[in-house]
Amino acid sequence: MQEIGYRTRREDGRVRRGLITRTIAVLTLTAALGVTGFLAAGSIARSATDTNATVSLRTTKLGPILVNSKGHTLYLFSKDRNGTSACSGNCARFWPPLVSQAKPTAGAGVKASLLGTTRRSNGSLQVTYNKHPLYAYSLDKQTGQTKGEGALAFGAKWYAVSARGTAVVKAQATTTTTTTTGCAYPPCP
């Protein structure tokens, strides 16, 4: 027998069929897995796009804020200007934009007149509120979480959105300072 690549050729010139059959099986399986992965990726992309996005109001530790149809906090990006998103690529992976294929719906506590859309650089329609493009945060895994509040990422800060369509700025802890004169009891000299 003489070795030729992955196939073995016998003295009589015939190629051993077992290796060819296995090679075809592996290539078929690889192609099937590739198609499955492609279809799964398309399904995930479609699930991130609501046919008709609904924006509602929910009370959290930050007070009443906007949430998507899954109850996840919606944020604005302070780098966005004139209703146009400044978040794409890696930014949009961490801060997925709320996109819709139709006019968004106002849920409880939300003014329909403040809802709108803006066209993203990839052509999709992103939901806006009071002209602020809206985003979720990938680390907010459960309803009511606000882990993205006040985060500095991708060149600017991120804030939850109030019912008025403004940034909810978490109140800073106040510190009270007192001064002493070194005198324990009045009258002091």
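Modeller: Because its relative accessibility is 1%, threonine 73 counts as buried (under 20% relative accessible area, with exposed meaning over 50% and partly exposed in between, for a 1.4 Å probe and protein chains only). This is a predicted model, in which local features need pLDDT of at least 70 and side-chain atom pairs count only at pLDDT 80 or more, while totals for chains, interfaces and linings use all residues. Residues are numbered from 1 along each chain as its sequence is written, and side-chain values use heavy atoms, with hydrogens and water left out.

Threonine 73 sits in the loop that runs between strand S5 (63-67) and strand S6 (75-77), where strands are DSSP runs of E of at least two residues and helices runs of H or I of at least four, numbered from the N terminus. A polar atom of its side chain lies 2.6 Å from the backbone oxygen of glutamine 145. Beyond its neighbours within four places in sequence, threonine 73 is in contact (heavy atoms within 4.5 Å) with residues including Ile65, Leu66, Val67, Tyr135, Gln145 and Ala160.

Tyr135 and Ala160 are also among the residues with the most contacts inside the largest nonpolar core, which has 16 residues; such a core is a set of buried Ala, Val, Leu, Ile, Met, Phe, Trp, Tyr and Cys residues joined through side-chain atoms within 4.5 Å. S6, helix H2 (90-94) and strand S13 (156-161) each give two or more residues to this core, and S13 gives the most, with 3 residues.

Definitions and conventions:
A polar contact is a pair of N or O atoms within 3.5 Å; within protein, one must be able to donate a hydrogen and the other to accept it, and residues adjacent in sequence count only if both atoms are side-chain atoms.
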